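Let's walk through this fold together, starting with the sheets and finishing with the helices. Have the viewer open as you read.

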Amino acid sequence: MSSNRIIAVTGATGAQGGGLVRAILATPSAGFTVRAITRNPGSDKAQALAALGAEVVAADLDDRESLQRAFAGAFGAYCVTNFWEHFSPEKELQQAGNLAAAARDSGLQHVIWSTLEDTRDKVPLSDPSMPTLGGHYKVPHFDAKGEADRLFREADVPTTFLRTSFYWENFIHFGMGPRRGDDGSLVLSLPMADKRLAGIAVEDIGKAALGLFRQGRATIGRTVGIAGEHLTGEAIAAAMAQALGQPVRYAPMSFDAYRALGFPGADDLGNMFQFYCDFEADVLAARPLDATRALNPELQSLERWLAANASRMPLD
């Protein structure tokens, strides 16, 4: 395998993209170099990647021509969008279309598209059991990605469709970690009832993506799901208690209570958790642990991730 095969990575300063950039740089034996794509090459995060050895270039997901320039000469690309930056599924679809067209026009040989289920395949808009959002979606940040799969297929781009899982980092950055109750004890509140959640560390997403690139064309045209563990809320709370050295109680919320929290995207995430619960067997089966470990032998358990990261969780 030639060492000059370039993987272009969008979202390179974000969670998934950054994880893949670091994984490629840490594994020179894989035979790839990495081109980190970002809107702002001068940012501290971009410069940190450059210091590690990444080629950093500028492009914008809203600008197809800039993406085509950034993809030029590359062997493959990791394509990811960030719904939470703008909360617009329509914008996400447009960006995915730009990525697919740029990948086609650049002649890329292997693209990984970071996607999720289109939940409307299981919960039609007419189904009153889950609120319809924005008139067209059930879980907008899932549905737009799932709908965008067809854009890569229609563009005839050699694509692996990668379905990721709940980030363990959400317990740090998304306000989903344990909080102190009125009595001072720690409470983990998730709308998961007694169902299992498929979760993964963001660094492991990057390592699994590198594993897919290393497999060559074997997964082109296929949908591949990944997860680090499948855990109940009780099991997550127990792992947190062990890492923090103090009790953590799991207190499941209702979906409606979560949707009513009022922060931006609360209704979307409430619907996501309902989808996870209502279709637990399908969600978990689509994210097999053994297959993920085959792609990434360094796959972390939640316990291992917490050993390194529990101190970063805001508890108050």
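Predicted model: local features only at pLDDT ≥ 70, side-chain atom pairs only at ≥ 80, totals over all residues.

Residues are numbered from 1 along each chain as its sequence is written, and side-chain values use heavy atoms, with hydrogens and water left out.

Start with the seven-stranded sheet, which is open, has parallel pairing and reads β3-β2-β1-β4-β5-β6-β11 across. Helices here are DSSP runs of H or I of at least four residues, strands are E runs of at least two, and both are numbered from the N terminus. Strands pair if DSSP finds at least two bridges between them. At the edges you'll find β3 (55–58) and β11 (223–225), each with a single partner strand, so one side of each has no neighbour in the sheet. From one strand to the next, the twist averages 25°. Angles like this one run from 0 to 180 degrees between N-to-C directions, and axes are lines fitted to C-alpha atoms, for helices over the stretch in contact.

Zoom in on strand β1 (residues 5–9) and strand β2 (residues 32–38): they run parallel and are joined by five bridges. Ile7 sits opposite Val34 of β2. Packed on this sheet is α5, which touches β4 (76–79), β5 (110–115), β6 (159–163) and β11, and its direction makes about 165° with that of β5. Contact means heavy atoms within 4.5 Å.

Now for the other sheet, an open one of three strands in the order β8-β9-β13, with mixed pairing. Its edges are β8 (179–180) and β13 (248–250); each has a single partner strand, so one side of each is left without a neighbour in the sheet. β8 pairs with strand β9 (residues 186–188) in the antiparallel sense over two bridges, and Arg180 has Leu186 of β9 as its bridge partner. Lying across β9 and β13 is helix α8 (residues 233–244), which runs at about 175° to β13.

On to the helix pairs. Two packed helices are described by the angle between their axes and the distance between the axes. Take helix α1 (residues 15–26) and helix α7 (residues 202–214): their axes come within 7 Å and cross at roughly 60°.

Residues making the contact include Leu67 and Phe71 of α3, along with Leu99 and Ala102 of α4.

Last, the charges. The whole structure holds 19 salt bridges, each a side-chain nitrogen of Lys or Arg within 4 Å of a carboxyl oxygen of Asp or Glu. One to look up joins the side chains of Arg150 and Glu147 (3.8 Å, N to O). These two, Arg150 and Glu147, are three residues apart in helix α5 (residues 140–154), which means they are separated by about one helical turn.
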